[in-house]
Amino acid sequence: NATLAIPTNPTNGQKCIWRWRNTDSSAHTLSLTTAGAGAFRFGTTVQGTPATPGGKMDYIGAIYNATDDRWDVIAYAKGYQP
């Protein structure tokens, strides 16, 4: 399991995609930091990051909102074979 820390020095409207690769044989979870300035926040479509099965990789997409000082998580695609 791991935690994605708050990205530094973002600009308004900046888009990022993170690839989370689980190289282990058992499922693991990538948590996103949701407290504090510049943290991630989820909407109603993407509400969290469920466990990634062993040997798979997931992608997480977010856009930075400078007005609210938050990374809005807009996409979570699961289960890709490396």
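The following dialogue works through the features of a predicted model, from the overall fold to single residues.

Me: Which secondary-structure elements does the chain contain, and in what pattern do they follow one another along the sequence?

Reply: The chain has 6 strands and 0 helices. Read along the sequence, the pattern is β-β-β-β-β-β.

Me: How many positive and negative side chains does the chain have, and how far apart are the centres of the two sets?

Reply: There are 7 positive and 5 negative side chains, with 7 Å between the centres of the two sets.

Me: How many salt bridges are there, and what is the criterion?

Reply: A salt bridge requires a side-chain nitrogen of Lys or Arg within 4 Å of a carboxyl oxygen of Asp or Glu. By this rule the count is 3.

Me: Which residues form a salt bridge with R41?

Reply: One partner is D68, with the closest N and O atoms 2.7 Å apart. This pair links distant parts of the chain, since D68 is in the loop between β5 and β6 while R41 is in strand β4 (residues 40–41), 27 residues apart. The side chain of D72 also meets that of R41 in a salt bridge, at 2.3 Å from N to O. D72 lies in strand β6 and R41 in strand β4, so this pair ties together parts that are 31 residues apart in sequence.

Me: Are D68 and R41 buried or exposed, or do they fall in between?

Reply: The intermediate class lies between the limits for buried, under 20% relative accessible area, and exposed, over 50%. D68, at 37%, counts as partly exposed. R41 is partly exposed as well, with a relative accessible area of 30%.

Me: Which residue forms a salt bridge with K78, and where do the two partners lie?

Reply: The partner is D58, with 3.1 Å between the closest N and O atoms. K78 is in strand β6 and D58 in strand β5, so that the pair links distant parts of the chain, 20 residues apart. K78 is partly exposed at 36% relative accessibility, whereas D58 counts as buried at 0%.

Me: What is the place of W71, and which residues does it touch?

Reply: W71 lies in strand β6. W71 counts as buried because its relative accessible area is 1%, below the 20% limit. Leaving aside residues up to four places away in sequence, W71 touches a set that includes P7, P10, W18, F40, R41 and Y64. The C-alpha atoms of W71 and T34, 37 residues apart along the chain, are separated by 9.1 Å.

Me: How is a positive phi to be read, and which residues show one although they are not glycine?

Reply: Most residues other than glycine have a negative phi. N9 has a positive phi of about 55°, and D69 likewise has a positive phi of about 55°. N9 is found in the loop between β1 and β2 and is exposed, at 71% relative accessibility. D69 is placed in the loop between β5 (57–65) and β6 (70–80), and D69 is partly exposed at 26%.

Me: Where does G13 lie, and which residues does it touch?

Reply: G13 lies in the loop between β1 (2–4) and β2 (15–21). Apart from residues up to four places away in sequence, G13 touches I63 and Y64. Its relative accessibility of 30% makes G13 partly exposed. The C-alpha atoms of G13 and V46, 33 residues apart along the chain, are separated by 18 Å.

Definitions and conventions: Residues numbered from 1 in each chain as written. Predicted model: local features only at pLDDT ≥ 70, side-chain atom pairs only at ≥ 80, totals over all residues. Heavy atoms only, no water. Helix = DSSP H or I, 4+ residues; strand = E, 2+ residues; numbered from the N terminus. Lys, Arg positive; Asp, Glu negative; His and termini not counted. Charge placed at Lys NZ, Arg CZ, Asp CG, Glu CD. Buried < 20%, exposed > 50% of the residue type's maximum accessible area, 1.4 Å probe, protein only. Contact = heavy atoms within 4.5 Å.
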